[in-house]
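Please read it alongside the sequence and the model.

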Amino acid sequence: MGNSVTKTSYPFHELEKAARKLWKDEGLFEIRDPMKAERPFYCLNMFPYPSGDLHVGHGRNYILGDVVTRLKRMQGYAVLTPMGWDAFGLPAENAAIANQIHPATWTKKNIARMKEQLVHWGLAYDWDREIASCDPSYYKWTQWLFLKLYERGLAYRAKGAVNWCPSCNTVLANEQVLPDGTCERCGTPVETRELEQWYFKITEYADPLLRDLEQLTHWPEKVRTMQTNWIGRSEGAQIRFPFEGSSDVIEVFTTRPDTLLGATYVVLAAEHPLVTRLKSEGKLPRAATDLVERLKKARVSNRFLVETEKEGTETGIHAVHPLTGAKLPVWIANYVLMGYGTGAIMAVPAHDQRDFEFAQKYGLPIVEVIRPDPKQGAAYDGTAAYEGEGKLVNSGKFDGLWSAEGKRAITEALAAKGAGEPRVNYRLRDWLISRQRYWGAPIPILYCDKCGVVPVPESDLPVLLPDQVEFKPTGESPLRTNEKFLRAKCPKCGGTARRETDTMDTFVDSSWYFLRFLSPTDSKRPFDTPAVNRWLPVNQYIGGVEHAILHLLYSRFIVKVLRDMKLISFSEPFERLFTQGMITKNGVKMSKSKKNTVAPDDLIERYGTDTVRLYTLFIGPPEKDAEWNDRGVEGAFRFLQRYWKLTMDVVDTAGAETLSPSAVKRASAGFAPSGPRRDLRRRVHQLTHQIVTDMDRLHLNTAVSGMMQYVNALDEFRDGGGDLTVPEVTEAMHLGTRLLAPMAPNTAEGAWQGLGGPGSIFTSGWPAPSKEAMQSDTISLVVQVNGKVRSSIEVPAGADKATIESAALADPKVRTYAAGKQVAQVIIVPGRLVNVVVK
């Protein structure tokens, strides 16, 4: 790039071209050997889905990451900042059906377009490490991961509920079911069906997933809270209700064993095994059979909504209360689901609102067993359930106990009878990874009539998706009818086997991708263990809060499994997490469906990359939502024009011999001790301190504001007759240009070359303010009279006690309040206040 800088009015396109060539030539953002790089720092943006054109709302995420990358590079770190593509998923398959285009073709086209835009934004990615989850060289190792979990008993097959369209004869994702419960393709009412599906046993890791959240002190508290609630650890009791006339029992988990004596009926989910058995034996009443069929067809999510009207019917059987021996009717109801708890509840209508509404509707008994302290709230009054804690009543020998004591005593009584025990339960459910679709990583499992379920040998990976497939309008996966794909040889007996046609949830692809970036082309192993252990956990992870639960939780789970396999040495994938707010337009999130997106391409062409970057950073606190305003882009452009003009004025005025960093260092002895030059230097270093602090905290909007004040200070100095050739100005330009570099890198790189900076600005080091330069010549002290603030005074910095005391006593306001009184004592708190004590 050299020192030949165009001095015309902000030639942003020319600056971009020259800067990017310099960075590429010098390999500034490439890590050639991860094991030799000094001071490693891993900065990663969340794996994007290649959906097509990016808009400025997407840009916020990537620009934030780029600022961190460039900042850390200037601070002397070797920064790994790769980019890849979460490229499998339903949208590509839908596009294939709608446009008769292969998902691979659609995906690759979108990747090319998005990469073009990311390059246009000037983002410092190491493109040599680019990966895509749909590439066989990647999903081979996703399949390997499945096999490793299968070997450890953490991948298993079981029946699970799915959305089923009987007309299209296929499974639907939740987003393919319209709010009225019909299929988005054909309008047929969607049913719930039970299918054999594959799961990862994430519940095996529930406790460490919860416990280790305490280590993640650099994560947003709201994200940790969301994960805590999702895992949902609860302490209570597992209670067994004997089934009248049978050796069977109904298992119930409750967090409120203190309310056991208020249980008046038991409720089973329609999918409960006992219901299934009674139905198959013909022991259910017709009304119960009909309800079961209807509930199984209903969407699970709708059944669980609080506002859904409670519906149920009796089974005609009874459970036996484990402590009293009372017979409790067993019901089937829509508000109990098999996927939550045991699929059965003890109903305590006086102290659970759902049970209360159900009991009121069907005339079931309601017995109050908890009465609160009057200070805690109103007791049960027959109009709503009281769900708080209190003192036990109507509970026999447990009467008078407070809830905490009652829980322990009743659980002990159950244990003594073999009817229950303390239990820790989790809301977390095992991870359903099966997807009945084509565009995903095939699950590496074979089915042999002789050998049963057989894993594909690692040597046979990857199990490739067939290219020649037909996509039907119904959405049915073409893998189910592709004989070439289905036919396989059993590795155990050599007989005929058929392949699993389910593909994996795309969250599996993104649960380990951050490991692959260290060795993206390695064909012999999924990741380089020594390199991964050296670079991870990821130092800074950036993405949307919409991924705060599932993606992060699944990644944490997979990392813990790999740690237990001794393939990695760390327990958490991401050290620091930043969740950016979204950019809105007209008050709503930008989206193509709302037709309110703002394309970056035209803005970059008109104003330059740095203008779009700077406005995106300035728009508001990056962790909060912000409204896009096109006029704000013009403001950012004007600021960069001002900065460039100021730089070129200094270059023209000062001359090359006074501009270089070494020349500034030699001239530092000539800094003025007082006057406007001293004031300028003080202000420059104060702003440097503010901006450095803001950048470290990712308070980037205020960092941009600080840069605007920076330029204002220099303009005011010049407008006041200041000389642009003095060392204070040159020092300020060197400091300011380096401060600007992470936010507006192309402009700063060009300015750095013009100012005589050696090499790239990103090798120049990060600025540090001078404490001496920041010090004011005077300090302000609050003055109190008898402990009450009455005035303030200005005294020279470093003034002694006598000078401060004299100034305080001479203050007119102090003299007024002390008039006619004797000064008993003057107390000085250095740097803060003076307290004059009078009598």
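Lys 592 lies in the loop between strand E27 (588-589) and helix H18 (600-607); helices (H or I, at least four residues) and strands (E, at least two) are DSSP runs, numbered from the N terminus. The model is predicted: local features need pLDDT of at least 70, side-chain atom pairs count only at pLDDT 80 or more, and totals for chains, interfaces and linings use all residues. Residues are numbered from 1 along each chain as its sequence is written, and side-chain values use heavy atoms, with hydrogens and water left out.

- A "binding site" feature is placed at Lys 592 by UniProt, in an unreviewed entry; UniProt positions are given in the numbering used here, feature names are shortened, and annotations may be inferred rather than shown by experiment.
- Lys 592 counts as exposed because its relative accessibility is 53% (buried means under 20% relative accessible area, exposed over 50%, partly exposed in between, with a 1.4 Å probe and protein chains only).
- Leaving aside neighbours within four places in sequence, Lys 592 is in contact with Ser 51, Gly 52, Asp 53 and Thr 597, where contact means heavy atoms within 4.5 Å.
- Asp 53 is found in the loop between strand E1 (40-45) and helix H2 (56-74), and with a relative accessible area of 39% Asp 53 is partly exposed.
- With neighbours within four places in sequence left aside, the contacts of Asp 53 are His 58, Arg 113, Gln 117 and Lys 592.
- Between Asp 53 and Pro 220, 167 residues apart in sequence, the C-alpha to C-alpha distance is 30 Å.

**Aromatic pairs**

- A pair of aromatic rings is described by the distance of the centres and the angle of the planes.
- Rings of Phe, Tyr and Trp (its six-membered ring) pair if their centres lie within 6.5 Å; planes under 30 degrees apart count as stacked, over 60 as edge-to-face and the rest as tilted.
- The count by this rule is 37 aromatic pairs.
- Phe 200 and Trp 431 form an edge-to-face pair, because their ring centres are 5.3 Å apart and their planes are at 90°.
- Phe 200 belongs to strand E7 (residues 191-200) and Trp 431 to strand E17 (residues 431-432), so this pair ties together parts that are 231 residues apart in sequence.
- Both Phe 200 and Trp 431 are buried.
- Phe 507 and Tyr 554 are also edge-to-face, because their ring centres are 5.6 Å apart and their planes are at 70°.
- This pair links distant parts of the chain, with Phe 507 in helix H14 (residues 506-509) and Tyr 554 in helix H17 (residues 550-564), 47 residues apart.
- Phe 507 is partly exposed at 23% relative accessibility, whereas Tyr 554 is buried at 10% relative accessible area.

**The loop between E20 and H13**

- Leu 465 sits in the loop between strand E20 (452-455) and helix H13 (483-486), and is buried, with a relative accessible area of 9%.
- Beyond neighbours within four places in sequence, Leu 465 is in contact with Phe 88, Tyr 139, Tyr 438, Trp 439, Gly 440, Pro 442 and Leu 479.
- The C-alpha atoms of Leu 465 and Pro 622 are separated by 41 Å, and the two residues are 157 residues apart along the chain.
- Pro 462 is found in the loop between E20 and H13, and the peptide bond from Leu 461 to Pro 462 is cis, with omega near 5°.

**Other backbone exceptions**

- Most residues other than glycine have a negative phi, and most peptide bonds are trans.
- Leu 536 and Pro 537 are joined by a cis peptide bond with omega about 5°; Pro 537 lies in the loop between helix H16 (529-535) and strand E24 (540-544).
- Arg 39, not a glycine, has a positive phi of about 50°; Arg 39 is in the loop between helix H1 (12-26) and E1 and is partly exposed, with a relative accessible area of 42%.
- Gln 100 has a positive phi near 50°; Gln 100 lies in the loop between helix H3 (90-99) and helix H4 (103-120) and is exposed, with a relative accessible area of 64%.

**Overall figures**

- The protein has 29 helices and 32 strands, and buried residues make up 54% of its 839 residues.
- The C-alpha atoms fill a box of roughly 100 × 85 × 50 Å along the principal axes.
- Of the contacts between residues at least 6 apart in sequence, 72% join residues at least 24 apart.
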